[in-house]
Amino acid sequence: MLKILQISDIHLIRPGEMLFGSDPLARLEACIADVNRNHADADLVVFSGDLANDGLPEAYAALKERLPALLPPYRLMLGNHDHRANFLAAFPEILADSGFVQASVDIKGTRLILLDTLETGMVEGRLGGGRLEWLDARLGEAEGRPALVFTHHPPVDIHMPALDNCRLMDSQPLLGVLQKHGNVRHIFAGHVHRPVCGSWHGIPFSALRGTNHQSAPVFAGKHRVNLEPPAYAIILVSDGSVVVHYHDFLYSD
Ligand SMILES: [Fe+2]
């Protein structure tokens, strides 16, 4: 059994400040405490982007200070709210792959591919600059083995227009690469701050709430933030199945 945790959209700001009436750093600390209490045996924790709300060095410094408390191993991804250079300045041990914060990790026979969909200055996501080719190569190496793709921006419309307008825009070329290899079992996204799942051309996908604030379920009109409970996802992979649990960590004990 492979156990992965997905934590997304932590949106850190300057320590002590509030964002939408909630303290994102306190939420991260509560999330880490819950993981340590309930899922210290996880094989990996994936933070799927929007680590910082404004890409501030102080936010990355606070993250760096808190992460050693997390018991399972972890990987960090970027989202549209992040600042790649500020992030890499705080985490110089993370080597940017061709200038991007992307990674391929093999655990228990499964390949996890963590994309970098941040396009500097844009809210929408992109996979240009060699990122799609990099994905193509990583999936090719995993020929015959199951692969899981983590992406901050989902490639699919979730029928909330304000979010669909800023999803991953290179979805058609991405689909071409995924279909070419045929070994991707699930796509895990962040960005939308909503618990959503479904399939995209036969490939299952899911997204989840952030740890600080959420997207109100607005299916027409402007985006609104609300304070539905924060969550992280527990992903269990075994015997040809991928199971995703959403865990409201402030209300679970
Ligand atoms: Fe976000």
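**Exercise 1. Work out what covers the buried residues of helix α1 in this predicted model.**

Start with the cover: it includes β1 (2-7), β2 (44-48), α2 (57-66), β12 (232-238) and β13 (241-247), where contact means heavy atoms within 4.5 Å. Helices (H or I, at least four residues) and strands (E, at least two) are DSSP runs, numbered from the N terminus.

Next, list what is covered. Pro24, Leu25, Arg27, Leu28, Cys31, Ile32, Asp34 and Val35 are the buried residues of α1, buried being under 20% relative accessible area with a 1.4 Å probe, protein chains only.

Finally, look at the start of α1: a side-chain oxygen of aspartate 23 comes to within 3.0 Å of the backbone nitrogen of leucine 25.

A word on conventions: residues are numbered from 1 along each chain as its sequence is written. Local features need pLDDT of at least 70, side-chain atom pairs count only at pLDDT 80 or more, totals for chains, interfaces and linings use all residues, and side-chain values use heavy atoms, without hydrogens and water.

**Exercise 2. Trace the open sheet of six strands and find which helix packs on it, touching β4.**

First, the order: β4-β5-β6-β7-β9-β8, with mixed pairing; two strands pair if DSSP finds at least two bridges between them. The edges are β4 (103-107) and β8 (196-200), each pairing on one side only.

Then zoom in on β6 (residues 147-151) and β7 (residues 184-189): they run parallel, joined by five bridges. Here leucine 148 stands opposite histidine 186 in β7.

Now the helix: α4 (residues 131-141) packs on the sheet, touching β4, β5 (110-114), β6 and β7.

Notes: Axes are lines fitted to C-alpha atoms, for helices over the stretch in contact, and angles run from 0 to 180 degrees between N-to-C directions. Buried means under 20% relative accessible area, exposed over 50%, partly exposed in between (1.4 Å probe, protein chains only). A polar contact is a pair of N or O atoms within 3.5 Å; within protein, one must be able to donate a hydrogen and the other to accept it, and residues adjacent in sequence count only if both atoms are side-chain atoms.
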